[in-house]
Amino acid sequence: MRKNDTIELEITDITHEGSGVGRYEGMAVFVPLTAVGDVIKAHVLKVNKHYAFAKCNEIISPSKNRTAIDCGAFSRCGGCTLRHIQYEHEAELKQNRVTQTMQRIGKVDFCSRPIICADSPNRYRNKALYPISQDREIGFYSRHSHRVIPCGDCLLHPEVFCIAGNIFTNFIKRHNISVYNEETHTGLLRHFYLRQGKNTNELMVGVVVNGKELPHSAELIDELKNQIGDNLKSVILNINTKKTNVVLGDENILLYGREYIFDILCGVKVRISPHSFYQVNHDMAERLYEKAQEYASPDQKNIIDLYCGAGTIGLSMAKFAKSVTGVEIVEAAVRDANINAKENGINNARFLCGDATKAAEQLKHEGTTADVVILDPPRKGCDEQLLSTVAKDFSPERIVYVSCDVATLARDTAILQNMGYKLREYTPFDLFPRTAHVETVALFERGA
């Protein structure tokens, strides 16, 4: 097999990134936008020693798991990877991947609990960060590039995002406002930013700029107010003048309303600022937190919540717990967490700003004890020093691990089990339908 060959291929598996996998002459071939069961003609794009990449030129025999594609941008946009397959099959693939990864990397000898699926795979996202093209269109980056694909009414977003997006693009075109160029570090507009409270319908609109002001901003605000109405609660100008791929800068200028919006999650009133971490799928987050609470069994327990974000997991358990101590490195999120506790009349929770590993050491030296430790790390998982501090110094009865990357969960599972914590159960949650991502909640018990 060589580059530019046309080969016939049966797709037999799918990668964690959502590409189909077939084998040709004993070599794995990765083909995006294919489904398990497809028989295709593929054009070979690149051949490495043990695997190759190709694109699908023709579907000879379609998989029974395929479904009609309902988005014109799907094949070009990098937002969805699994919109071409039936949702039931998508969930099955994700559950299988979680179990196989835990068995292969974590050496776990039992399967996951059944995956918890969304009631609908559409309109679930409460947050969007849109890059802006040089011709003043908002959208999403094409796969493996910074080419902006206009998205129109993205089916993952609430309809109000499309309304706000159209207002913004018409506004910047009308006033011919310059767009940021990554290579020359010139131009003003970098990103368009939206957040919504699912239960409150409160909307935050943000514009990220390479500068200190947005020309004609009062006109933009008037148009947003006229079309969105009372649900528009916040318009923010975010200042990012650094030569960086990080989307949001550190400084926010309030243009309208307040610097935050509210939502209700698991009965807790949550304040959301531009930098706050907040699960993008509200309804599935509630179900995930319910499982985390079941695993934690928080009644009259001292809980330490590491990587706590705006405190949502810990606060959802606080009414049952003896105490909650949260740790988060993002200062704005910690501020929101403490305000959230006060807003909800929760007096047994405190939130500290700091790196999780260093903060865990500090809490240990303070004499803080934990019956339950909740870990909700970023994609890279936990470092071994943190796991050692948790397992050996705090030695809680239970560890509840919320993971957005099952590979790092599996790695950390092997470490925790070597430290005397037995994995009792783990459950996948589909917080991101139509993408390849899957969340997993795991329960570890000491000496079980």
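Arg411 is found in helix H9 of this predicted model. With a relative accessible area of 33%, Arg411 is partly exposed. Leaving aside residues up to four places away in sequence, Arg411 touches Ile105, Lys380, Gly381 and Cys382.

**Helix pairs**

Helix H9 (residues 406-418) also packs with helix H1 (residues 87-104). The table gives the angle and the axis distance for this pair and for two other helix pairs.

| Helix pair | Angle between axes | Axis distance | Handedness of crossing |
|---|---|---|---|
| H1 and H9 | about 35° | 8 Å | right-handed |
| H2 and H3 | about 150° | 10 Å | right-handed |
| H7 and H8 | roughly 20° | within 9 Å | left-handed |

Which residues of H1 and H9 meet? On the H1 side they are Val98, Thr101 and Met102, and on the H9 side Val406, Ala407, Leu409, Ala410 and Thr413. By class, the contact of H1 with H9 has six nonpolar and two polar residues, and no charged ones.

Helix H2 covers residues 159-174 and helix H3 covers residues 217-228; the two pack at an angle of about 150°. Angles over 145 degrees count as roughly antiparallel, and H2 and H3 are therefore roughly antiparallel to each other. Their crossing is right-handed. H2 brings Val160, Ile163, Ala164, Ile167, Phe168, Phe171 and Arg174 to the contact, while H3 brings Ser217, Glu219, Leu220, Glu223, Leu224, Gln227 and Ile228. Nine residues of the contact of H2 with H3 are nonpolar, two are polar and three are charged.

The crossing of H7 and H8 is left-handed. From H7, the contact takes in Ala356, Thr357, Ala360, Glu361, Leu363 and Lys364; from H8, it takes in Gln385, Leu386, Thr389, Asp393 and Phe394. The contact of H7 with H8 divides by class into five nonpolar, three polar and three charged residues.

**A strand residue**

Leu306 is part of strand E15, which runs over residues 302-306. Is Leu306 buried or exposed? Its relative accessible area is 1%, so Leu306 is buried. Residues up to four places away in sequence aside, Leu306 touches Val327, Val373, Ile374, Leu375, Asp376, Leu386 and Val390. One of these, Leu386, belongs to the H8 side of the contact between H7 and H8. Ala360, on the H7 side of that contact, has its C-alpha 8.1 Å from that of Leu306, although the two residues are 54 apart in sequence.

**Cysteines**

How many disulfides does a search of the whole structure find? The search finds zero. Cys162 is in no disulfide, and the nearest cysteine sulfur to its own is that of Cys151, 7.5 Å away. A disulfide needs two cysteine sulfur atoms within 2.5 Å. Cys162 has a relative accessible area of 18%, so this residue is buried, the cut-off being under 20%. Cys308 is likewise in no disulfide; its nearest cysteine sulfur, 9.3 Å away, is that of Cys353. Cys308 counts as buried because its relative accessibility is 5%.

**Two loop residues with positive phi**

Most residues other than glycine have a negative phi. Glu25 has a positive value, with phi near 55°. Where does Glu25 lie? Glu25 is in the loop between strand E2 (20-24) and strand E3 (27-31). The relative accessible area of Glu25 is 63%, so Glu25 is exposed.

His144 also has a positive phi, near 60°, and is a residue other than glycine. His144 is placed in the loop between strand E7 (139-141) and strand E8 (148-150). Since the relative accessibility of His144 is 82%, this residue counts as exposed, for which the cut-off is over 50%.

Technical notes: Residues are numbered from 1 along each chain as its sequence is written. This is a predicted model: local features need pLDDT of at least 70, side-chain atom pairs count only at pLDDT 80 or more; totals for chains, interfaces and linings use all residues. Side-chain values use heavy atoms; hydrogens and water are left out. Axes are lines fitted to C-alpha atoms, for helices over the stretch in contact, and angles run from 0 to 180 degrees between N-to-C directions. Helices (H or I, at least four residues) and strands (E, at least two) are DSSP runs, numbered from the N terminus. A crossing is left-handed if the near helix is turned anticlockwise from the far one by less than a right angle, and right-handed if clockwise. Contact means heavy atoms within 4.5 Å. Ala, Val, Leu, Ile, Met, Phe, Trp, Tyr, Cys and Pro count as nonpolar, Asp, Glu, Lys and Arg as charged, and the others, Gly among them, as polar. Buried means under 20% relative accessible area, exposed over 50%, partly exposed in between (1.4 Å probe, protein chains only). Angles under 35 degrees count as roughly parallel, over 145 as roughly antiparallel, 65 to 115 as roughly perpendicular and the rest as oblique.
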